[in-house]
Amino acid sequence: MTELPEIWSYLREGPLLWLTATLVAYLIGDAAYRLSRDNPLVNPVLVAMLLLAALLWVTSTPYGTYFEGAQFVHFMLGPATVALAGPLYSNLHHMRRTLIPMAGALLVGSGTAILSALWIADAMGVGGATLASLAPKSTTAPVAIGIAEQLGGLPTLTATLVILTGIIGAVVVTPLMNALRITDWRARGFAVGTAAHGIGTARAFQVNQTAGAFAGIGMGFNALLTALIAPYVLALFQ
Amino acid sequence: MILNIAVILGFQLAGEVIARALALPVPGPVIGMALLLGAFLLRPALAERVLPTARGVLQHLSLLFVPAGVGVISHAEALGQSGPALLLALVASTVLALAAGALTFVALARLTGNDGEDSA
């Protein structure tokens with residue numbers, strides 16, 4: 001019979017354990033979300049992240065080892081982006097009629113995200129490369145990292161700020177929109193896609209298909225707009 | 001099912017090739033999405049086929065962010081001394097951007113006579 005520590009040391013090096021752990025952690029997060037009666041604070045991504053980070057810490061497993069298994073889930077982000085064509089196609093009739101509201105919300109939402117983040121951080125004494133890393137935080141991670149590199153930011157820090165922005169957006173969007181009495185799913189979705197990229201879009205799909213489709217458009221256009229305007233907004237603070 | 005997955009992966013592949021060949025600043029999957037949308041418009045029968053698979057993939061979109069999210073927690077020290085200032089900037093700017101974006105959308109939808117009463 002093989003000793004337990006040997007089995008463990010075999011498993012912790014392979015992808016099977018960490019892939020399974022990722023799915024189970026997400027299932028626990030999803031169950032917790034439903035048990036809380038859909039409380040947005042109990043975000044499944046946030047719960048799963050915290051559980052897995054705790055597990056890695058307790059077992060002193062390096063993130064790189066974990067990612068060997070989790071990369072199969074991570075890989076699906078690309079196909080999922082392509083699959084957004086589905087809800088876009090289904091909602092096309094809504095979109096033709098809302099070109100002006102979308103264009104306005106994109107400019108105002110994207111501009112507010114960059115300007116207010118830089119203004120607050122600058123006022124609190126943040127500067128240089130850290131400020132440059134903050135500018136693209138509302139765009140989807142691969143685009144944000146590209147923009148940050150052009151601006152002289154730090155890619156790892158940008159990735160962290162992007163993910164945190166997504167989680168903050170996903171957690172606050174429902175209570176905030178309810179407080180503002182905004183009931184239009186198109187507006188709610190578009191705003192969260194613009195401000196909080198893919199994680200906000202995932203949250204929108206959790207609530208409503210139309211909101212999800214509009215969030216996908218907001219995310220896509222904001223990636224383009226931020227690449228265009230971030231250098232100029234950042235120049236205001238340097 | 002397999003055909004649908006092959007279609008989605010094929011469009012992603014095409015997007016990656018185009019993005020790299022033309023050195024575009026847009027990620028390959030985003031180009032793949034635009035191409036697939038174009039293909040749906042040209043051939044609605046393809047949309048009928050692929051839509052259920054697309055919906056299935058997107059239903060658990062949140063799950064796909066978990067691996068990157070674990071990296072963020074494991075690298076929390078990347079925030080450094082500016083951590084509190086950055087967190088405040090993220091929370092405040094996200095709330096402001098959400099509110100400003102949604103309010104602008106609603107105001108312009110009303111102005112253009114399209115306030116969504118029929119589509120809610």
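Which residues does Ser82(B) touch, not counting residues up to four places away in sequence? Ser82(B) touches Val126(A) and Thr130(A), where two residues are in contact if their C-beta atoms, placed from the backbone, lie within 7 Å. The structure is a predicted model, in which local features need pLDDT of at least 70 and side-chain atom pairs count only at pLDDT 80 or more, whereas totals for chains, interfaces and linings use all residues. Residues are numbered from 1 along each chain as its sequence is written, and chains are lettered from A and ligands numbered from 1 in the order in which they are written.

Ser82(B) is located in the loop between H4 and helix H5 (83–111) of chain B. Helices here are DSSP runs of H or I with at least four residues, strands are runs of E with at least two, and both are numbered from the N terminus. Ser82(B) counts as partly exposed because it has 19 C-beta neighbours inside 10 Å. By this scheme a residue is buried if 20 or more other C-beta atoms lie within 10 Å of its own, exposed if 12 or fewer, and partly exposed in between, with C-beta atoms placed from the backbone. Leu98(B) is 16 residues from Ser82(B) along the chain, and the C-alpha atoms of the two are separated by 24 Å.

The two chains may now be taken in turn. Chain A has 13 helices and zero strands. The radius of gyration of chain A is 19 Å, close to the 18 Å that the globule rule gives for 238 residues, so chain A is as compact as a globular protein of that length. This radius is taken over C-alpha atoms, and the globule rule is 2.2 Å times the number of residues to the power 0.38. Along the principal axes, the C-alpha atoms of chain A fill a box of roughly 70 × 40 × 30 Å. Of the 238 residues in chain A, 53% are buried. Among the contacts in chain A with a separation of 6 or more, 65% are accounted for by residues 24 or more positions apart.

Chain B comprises five helices and zero strands. Its radius of gyration is 20 Å, whereas a compact globule of 120 residues would have one near 14 Å. The C-alpha trace of chain B spans about 55 × 45 × 30 Å along its principal axes. In chain B, 39% of the 120 residues count as buried, and residues 24 or more positions apart account for 25% of the contacts with a separation of 6 or more.

The contact between the chains takes 97 residues from chain A and 67 residues from chain B. Helix H12 (residues 185–207) of chain A supplies the largest share of the side of chain A that touches chain B, with 16 residues. The residues on that side of chain A divide into 63 nonpolar, 29 polar and five charged. In this classification Ala, Val, Leu, Ile, Met, Phe, Trp, Tyr, Cys and Pro are nonpolar, Asp, Glu, Lys and Arg are charged, and the others, Gly among them, are polar.

Within chain B, helix H4 (residues 66–74) is largely enclosed by the rest of the structure, because eight of its nine residues are buried. The buried residues of H4(B) are Val66(B), Pro67(B), Ala68(B), Gly69(B), Val70(B), Gly71(B), Val72(B) and Ser74(B). These residues pack against helices of chain A, namely H2 (15–35), H3 (44–58), H4 (63–75), H10 (141–151) and H11 (155–179).

Axes are lines fitted to C-alpha atoms, for helices over the stretch in contact, and angles run from 0 to 180 degrees between N-to-C directions. Angles under 35 degrees count as roughly parallel, over 145 as roughly antiparallel, 65 to 115 as roughly perpendicular and the rest as oblique. On the side of H3(A), the contact is made by Val45(A), Ala48(A), Met49(A), Leu50(A), Leu52(A), Ala53(A) and Leu56(A), and on the side of H4(B) by Val66(B), Gly69(B), Val70(B), Ile73(B) and Ser74(B). By class, this contact of H3(A) with H4(B) has ten nonpolar, two polar and no charged residues.

H3(A) also packs with H2(A), at an angle of about 135° and with the axes 8 Å apart. H2(A) is therefore oblique to H3(A).
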